[in-house]
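Thanks, everyone. Please bring the structure up on your screens, and we'll start.

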Amino acid sequence: MRSIWNGAISFGLVSIPIKLVNATESHSISFRQIHTEDGGRIRYRKVCELEEREVTQSEIGKGYEDADGTIIPITDDDLAHLPLPTARTIEIVAFVPADRIDPLQMDAAYYLAASGAPAAKPYTLLREALKRSNRVAIAKFALRGRERLGMLRVVGDAIAMHGLLWPDEVRAPEGVAPDTGVTVRDQELDLADALMNTLGEVDLDDLHDEYREAVEEVIAAKAAGEAPPEAPEPAKGGKVLDLMAALESSVRAAKESRGEDTEAEVRHLAQRGPATPKETGGKKSTSTAGKAAAKKTAAPKKSTATGKSATAEKPTAAAKSTAAAKSTAKKTPAKKTPAKKTTATKSTGKKVSTKKTSPPRKRSA
């Protein structure tokens, strides 16, 4: 790899000669500007506005435009003799835990290559020290006309440096977050967690630039005189206003894409969380008790229709021990027997008296 900067790492009194090489490369497809009528190239020519003629690259230098429009020439020699210790040196100023670095500050990445055999020993020393400390080095260096901040860390057997933005170059996120109060329910968080778990992790090596591949297909088709491939029809979907419904659909779709049955799990997650006022425990237990009572009254109603009371058809323990209660139940006409009250007594578990009961008419009064 071609070096873009030569210098040294200053590690206390230790100096490590290094070469700076780019750690990343761009695979994006670049286009040329053309004249749409005839396909001719559109070129930008560098012209001196005083002489009104095109100049070559060797004739072009740097200049700073002052507030009044005056141009102050700045040569490469001027920049090479800047009164800075970082002009040709990556000066390490501190060692900090990696989580102290805000990812928003991350900029371009470089590899630091040892320059020559004498640099091998101090280079290896710094690398192993970074490994054992589980920290990164914060450094200052000058590159492309300005001083920059950098972070040195170990990548395999090499030392990499990430350019960092200065703290005052990172904007505060003011006015970005919603300014309205929003309440997120536990059920929604449960479904969001389920969706995150369903999508799972990914091997970054498996990801690729699909846009670039599609552009290459279009270029290849047009170069062969063929029609470019057409874009697939976008999936038609209505506007989802219900966040819970959107989350449930997302979880279901993600699971189905993996061949998993998720209907029960999605329903279970949607029902989790604290109960709302409409789903309090009291009302639920009342409804359950009502259903139980309704089930228990079914048998007495059927036996009453045959002209016999529930006690006469299926004697209870209390009825067996009380002969008077049996005779009263037999003598009482079916139409006057309060079946519901008998059932209520049975379902509520009240103790049946062993004494001789009063006639049903007086008892109901």
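I'll talk about a pair of helices and then a cavity.

One note before that: this is a predicted model.

Helices first. Two packed helices are described by the angle between their axes and the distance between the axes. Our pair is α3, residues 186-199, and α5, residues 243-257. How do they pack? The angle is about 25°, and the axes lie 9 Å apart. Angles under 35 degrees count as roughly parallel, so α3 and α5 are roughly parallel to each other. Their crossing is left-handed.

Now look at who meets whom. On the α3 side, find Gln187, Glu188, Leu191, Ala192, Ala194, Leu195, Thr198 and Leu199. On the α5 side, the partners are Leu243, Met244, Leu247, Glu248, Ser250, Val251, Ala254 and Lys255. And the make-up of this contact? What are the counts of nonpolar, polar and charged residues? There are 10 nonpolar, 3 polar and 3 charged.

On to the cavity. How many cavities of 30 Å³ or more does the model have? The count is 1. About 80 Å³ of space lies in the largest cavity. Its lining has 13 residues. Closest to the centre are Asp107, Arg146, Arg148, Gly163 and Leu164.

Which strands supply at least two residues each to that lining? They are β8 (106-114), β10 (146-155) and β11 (158-164). Strand β10 gives the most, with 4 residues. By type, the lining divides into 7 nonpolar, 1 polar and 5 charged residues.

That's the tour. Over to you.

How values were computed. Residues are numbered from 1 along each chain as its sequence is written. This is a predicted model: local features need pLDDT of at least 70, side-chain atom pairs count only at pLDDT 80 or more; totals for chains, interfaces and linings use all residues. Side-chain values use heavy atoms; hydrogens and water are left out. Axes are lines fitted to C-alpha atoms, for helices over the stretch in contact, and angles run from 0 to 180 degrees between N-to-C directions. Angles under 35 degrees count as roughly parallel, over 145 as roughly antiparallel, 65 to 115 as roughly perpendicular and the rest as oblique. A crossing is left-handed if the near helix is turned anticlockwise from the far one by less than a right angle, and right-handed if clockwise. Contact means heavy atoms within 4.5 Å. Ala, Val, Leu, Ile, Met, Phe, Trp, Tyr, Cys and Pro count as nonpolar, Asp, Glu, Lys and Arg as charged, and the others, Gly among them, as polar. On a 1 Å grid over the protein atoms alone, a cavity is a set of points where a 1.4 Å probe fits but cannot get out, and a pocket is an open set with protein on both sides within 12 Å along at least five of seven lines; lining residues have an atom within 4 Å of a point. Grid points are joined across faces, edges and corners, and a volume is the space filled by probe spheres set on the points.
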